[in-house]
Amino acid sequence: MALTLYVDTARWRAHHKHVQEQFPGLVPVCKGNGYGFGHERLAEEATRLGSDVLAVGTTYEAARIKDFFGGDLLVLTPYRRGEEPVPLPDRVVRSVSSVDGVYGLVGARVVIEVMSSMKRHGISEQDLPQLHAAIENVRLEGFAIHLPLDRTDGSDAVEEVIGWMDRLRAARLPLHTMFVSHLKADELARLQQQFPQTRFRARIGTRLWLGDHEATEYRGAVLDVTRVAKGERFGYRQQKAASDGFLVVVAGGTSHGVGLEAPKALHGVMPRAKGVARAGLATVNRNLSPFVWGGKQRWFAEPPHMQVSILFVPSDAPEPTVGDELVAHLRHTTTQFDRILDR
């Protein structure tokens with residue numbers, strides 16, 4: 001009995017090809033938990049796509065994935081002096097976001113990140129005059145810019161990239177390759193048309209692996225079902241059942257990421273109102289689970305355990321049976337499945 005990730009493989013791979021056609025020179029991204037699929041699986045899919053470069057989050061991820069992908073590996077986390085050395089092959093390319101970082105990677109292959117409106121990390125315009133001497137002792141693979149997802153000020157992503165292209169060109173720095181993140185296909189095409197001598201390469205993870213929501217589905221298997229009456233005590237904390245119904249033990253607990261939710265940026269009155277309502281219910285131990293039964297998301301009977309969750313299903317709903325599978329609305333980037341099944 002398991003928490004299973006089901007993949008409609010033909011549909012999933014058709015989506016990959018569609019994204020690849022939209023973004024020539026695409027660099028797939030495989031970081032974190034491999035977007036819910038695992039590093040080994042995404043390395044296999046990147047190879048299937050014919051990718052020559054695979055982007056990973058950290059040097060530790062590069063060390064793990066190097067045996068599964070034969071092309072270049074681009075580490076997205078910027079190099080910092082004093083970091084723990086990790087043995088890596090020459091086909092690993094390091095990101096750098098400071099002049100000092102460039103000087104610290106003598107002989108290495110590097111991509112230099114510039115500071116975008118994200119303001120996370122990157123070379124500033126004031127740093128550009130110092131780069132000429134710094135890049136003489138590295139193998140420069142290109143520059144990179146990581147853009148924000150939302151532009152609430154109405155600014156144009158393409159114009160932001162153009163601004164940096166102009167600054168780099170004015171500083172007489174090589175512009176043979178520019179790695180970009182979070183651009184639309186038409187925006188990438190505009191840049192390529194305006195700068196035909198530069199190769200723009202889109203680094204894409206979420207849109208590539210998770211862009212077709214209908215291609216994947218999590219399901220948790222029912223392990224046990226126990227009938228309870230109103231007022232009957234149950235669980236670790238011996239709470240009372242609010243009404244007659246069933247306690248349903250389903251595969252999927254905290255070790256799988258069930259109950260783990262990242263903070264969300266809320267826009268608009270309705271999403272904020274729903275957030276307030278959820279917070280209010282949580283104060284009285286009412287938390288909606290990601291598991292669906294009888295067409296509705298069901299409530300946790302109590303907080304999820306390490307490997308299972310206990311749900312409360314009211315008596316007016318169909319009674320689950322052991323072996324049934326409940327669809328689970330889980331976030332891929334925070335979920336660890338027991339098994340993955342292609343169909």
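## About the model

This is a predicted model, in which local features need pLDDT of at least 70, side-chain atom pairs count only at pLDDT 80 or more, and totals for chains, interfaces and linings use all residues. Residues are numbered from 1 along each chain as its sequence is written, and side-chain values use heavy atoms, leaving out hydrogens and water.

## A covered strand

Let's begin with β6, a strand spanning residues 109-114. Strands (E, at least two residues) and helices (H or I, at least four) are DSSP runs, numbered from the N terminus. Six of the six residues in β6 are buried, meaning under 20% relative accessible area with a 1.4 Å probe and protein chains only.

In a regular strand, side chains alternate between the two faces of the sheet. Both faces of β6 are covered: one side holds Arg109, Val111 and Glu113, and the other holds Val110, Ile112 and Val114.

## Its partners

Two strands pair if DSSP finds at least two bridges between them. Strand β5 (residues 92-96) pairs with β6 in the parallel sense over three bridges. Strand β7 (residues 139-146) also runs parallel to β6, joined to it by six bridges, and Gly142 in β7 stands opposite Val111. From β6 the chain passes through helix α5 (residues 128-134) to β7 in a right-handed β-α-β crossover: with the strands pointing away from the viewer, the path from the first strand over the helix to the second runs clockwise.

## Meet Arg94

Arg94 lies in β5, and its bridge partner in β6 is Val110. Arg94 is buried, at a relative accessible area of 10%. Leaving aside neighbours within four places in sequence, its contacts (heavy atoms within 4.5 Å) include Thr59, Tyr79, Glu83 and Val110.

Notes: Buried < 20%, exposed > 50% of the residue type's maximum accessible area, 1.4 Å probe, protein only.
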